[in-house]
Amino acid sequence: MTDAKILVIDDNTAVLSTLKIVLKSVFKTVVAVSDPQLIPALISAGDVDAVLLDMNFGSDKLDGQDGLFWLDRIMSRSGLDNPPAVVMITAFGDVGLAVTSLKKGALDFIQKPWDNNDLIKKLHEAIAKRDALYAERQKNPAVAETEQQEAPSSLDEMEKLTIQRVLESSGRNLTTAADKLGISRQTLYNKMKHHGII
């Protein structure tokens, strides 16, 4: 069991219950809540290692803006030297949303329905990356400034990264990957050709 605290935020109680069961067998502490308004209070102590954050709250909003808003709040917590790693979770194969969340500081994303092993792997990797970045900033304060300057990678680079991750999680099956990304197989093929990942 990993000595880490995971905060799960999703307005679907069935999803929350399932995630809590899956993650409790791997992580020491799992807190699952349906109301994103609780995020500031729950992360204020600085003891949350990762946040698994839904992109949409409420059945009437499906554009991901709620998730992006709360991602911004988490990343801008001025009182935290080492904000939690954020992994976004969404039911929609929207490359644009995934790219935007990564540009805003999320370390990864996963789509519903998820694979439990893939989800756990991504959380472990996100926590490790967050800890490595923090250690590097402690050793070299100039790194934080450099990171900020380098953070806005080009949209093209972020799209390439997103496609590579979805291809990997789909066993490089183009039809499955295209479905997950919410684009046609031909569009995916054209994007792969554009990015040189064929």
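"Buried" here means under 20% relative accessible area, "exposed" over 50% and "partly exposed" in between, with a 1.4 Å probe and protein chains only. With that in hand, here are some points to guide a first look.

1. This is a predicted model, in which local features need pLDDT of at least 70 and side-chain atom pairs count only at pLDDT 80 or more, while totals for chains, interfaces and linings use all residues. Residues are numbered from 1 along each chain as its sequence is written, and side-chain values use heavy atoms, leaving out hydrogens and water.

2. (Strands, E, at least two residues, and helices, H or I, at least four, are DSSP runs numbered from the N terminus; two strands pair if DSSP finds at least two bridges between them.)

3. Next, strand 3 (residues 50-54). Ala50, Leu52 and Asp54 on one side are buried, as are Val51 and Leu53 on the other. Because 5 of its 5 residues are buried, strand 3 is largely enclosed by the rest of the structure.

4. Now its partners. Strand 1 (residues 2-9) pairs with strand 3 over 4 bridges, and Val8 stands opposite Leu52. Strand 4 (residues 85-90) pairs with strand 3 over 5 bridges, with Val51 opposite Val86. Strand 1 also runs parallel to strand 2, joined by 6 bridges; there Ile9 has Val33 as its bridge partner.

5. Which residues have the most contacts inside the largest nonpolar core? They are Ile9, Val51, Leu53, Met88, Leu167 and Leu188, in a core of 31 residues. Such a core is a set of buried Ala, Val, Leu, Ile, Met, Phe, Trp, Tyr and Cys residues joined through side-chain atoms within 4.5 Å. Apart from this core lies another, of 24 residues, including Leu23 and Phe27.

6. Finally, look at Asp118 in helix 5 (residues 116-139). Asp118 is buried yet has no salt bridge, and Lys122, the nearest side chain of opposite charge, is 4.0 Å away. A salt bridge needs a side-chain nitrogen of Lys or Arg within 4 Å of a carboxyl oxygen of Asp or Glu; Lys and Arg count as positive, Asp and Glu as negative, and His and the chain ends are not counted.
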